[in-house]
Amino acid sequence: MKNNLLHLWKFVPKWKIGMYFLLSFFLTIVTVMILLPALWYLEDNSRFIENLLFILSYFRSVFVFFFYGVTMCLYLLLFYQYERKKYFAFYIRKMTEDVQKLVRGEQTSGVISGKHEFEKLAEGIQTIIAKSEQALLNIKKEEQLKNELVTNVAHDLRSPLTSIIGYLDLINKDRYRDEVELRYYIQVIHAKTDSLHTLINDIFEYTNMQNEQAIIQQYSIHIEEMLNQLAVQTQLQLEEAGMEWRQFNSATDPVIVGNGEKLVRVFENLIQNAIRYGSDGKFLDIRLDDNEKIVKIEIINYGQQIPSVDLPHIFERFYRVEKSRSQFTGGSGLGLAIAKSIIDLHGGTIEVTSVPGRTAFTIKLVKK
């Protein structure tokens, strides 16, 4: 009540407050003038009223002051209720106008006028508007990302398809000198077809991983054993690249709960990248560590540095540090994006650091 009076005191013009006091005073006098004849009539016709007035006559001054005060307060209360309704109506109308301006686009600040009693309501409306605007931005962003995905997919599909169609056209028109050249054309077609197959599989895997509700069958996985198996599988490729696998294990219990097939995809991708772009460094280092909550895996190569300008975008889909790499390595530009999506679904993190002569991908997986 105290706060309401204070707010209303600030809202109502001071001249009007003075007018209400004067009106209350005069209305009190009029009320007394109307009630006095009735009181005299009751005194003449009721012994109880006569005795009551006789007793009150001993406290005449107090009684008169109390009666005038109460009557005047009642009139002031009526004026207070009247102005309070106007006060509520004003702010409700103001808030409605602000919302309508936002709807019409005339106001873009998202600020809704609301004071005192309406502050929580105004904050609630602003929160709803902010969430609606964010939802619209997310929809636009998703639409843009979808368009970019379609454009990138179309671009990456068109290049190998153009080559395949071109070489098939040469073969169909017998435009080759001998069987050796024919075999070369077939090898190129096979390589381009294999590239297409890899790209389509990567696109399918990436879109599947973007589904937050993607079902991942989880079971206990010993990370050290998984890395040991990968070391055996990549031994021949490492020898061909002139590299050596070095594994450093300081983990005591590197066991997590997750999907082994998905995590193998992550490690295979990072290891292949390390071999592809780090063969100059001769070593592929795997560092395994853990604590009570997480298992930490580092995959380190000592080849070419990833430029600092590219590091923030390295996990974006279709992003390539060197645009020419895909032509020679067959990369789809989706490998690291898929790796990040898989790690995210496992509740972990993946980061990359790169300085001259050393690039390290760090994965942290939560123990469960």
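Predicted model: local features only at pLDDT ≥ 70, side-chain atom pairs only at ≥ 80, totals over all residues.
**Notes on selected residues**

1. Lys282 sits in the loop that runs between helix H9 (260-278) and strand S4 (283-290). Although Lys282 is not a glycine, its phi is positive, at about 70°. With a relative accessibility of 44%, Lys282 counts as partly exposed, because that class lies between under 20% for buried and over 50% for exposed.

2. Asp174 is another residue other than glycine with a positive phi, here near 55°. Asp174 belongs to the loop between helix H5 (119-172) and helix H6 (179-209). Its relative accessibility is 55%, so Asp174 counts as exposed. As background to both phi values, most residues other than glycine have a negative phi.

3. On the surface there is a nonpolar patch formed by Trp15, Met19, Leu23 and Leu27. Together these side chains' residues have about 380 Å² of accessible area. One of them, Trp15, lies in helix H2, which covers residues 14-45. Trp15 has 59% relative accessibility and therefore counts as exposed.

4. Is Thr71 buried or exposed? Thr71 counts as buried, because its relative accessibility is 10% and the cut-off for buried is under 20%. Thr71 is placed in helix H4 (residues 60-104). Leaving aside residues up to four places away in sequence, Thr71 touches Thr28 and Thr31.

Definitions and conventions
Residues numbered from 1 in each chain as written. Heavy atoms only, no water. Patch = residues over 30% accessible without salt bridge, like charges linked within 9 Å, V, L, I, M, F, W, Y side chains within 5 Å. Areas by Shrake-Rupley, 256 points an atom, 1.4 Å probe, with all protein chains shown as cover. Salt bridge = Lys/Arg side-chain N within 4 Å of Asp/Glu carboxyl O. Helix = DSSP H or I, 4+ residues; strand = E, 2+ residues; numbered from the N terminus. Buried < 20%, exposed > 50% of the residue type's maximum accessible area, 1.4 Å probe, protein only. Contact = heavy atoms within 4.5 Å.
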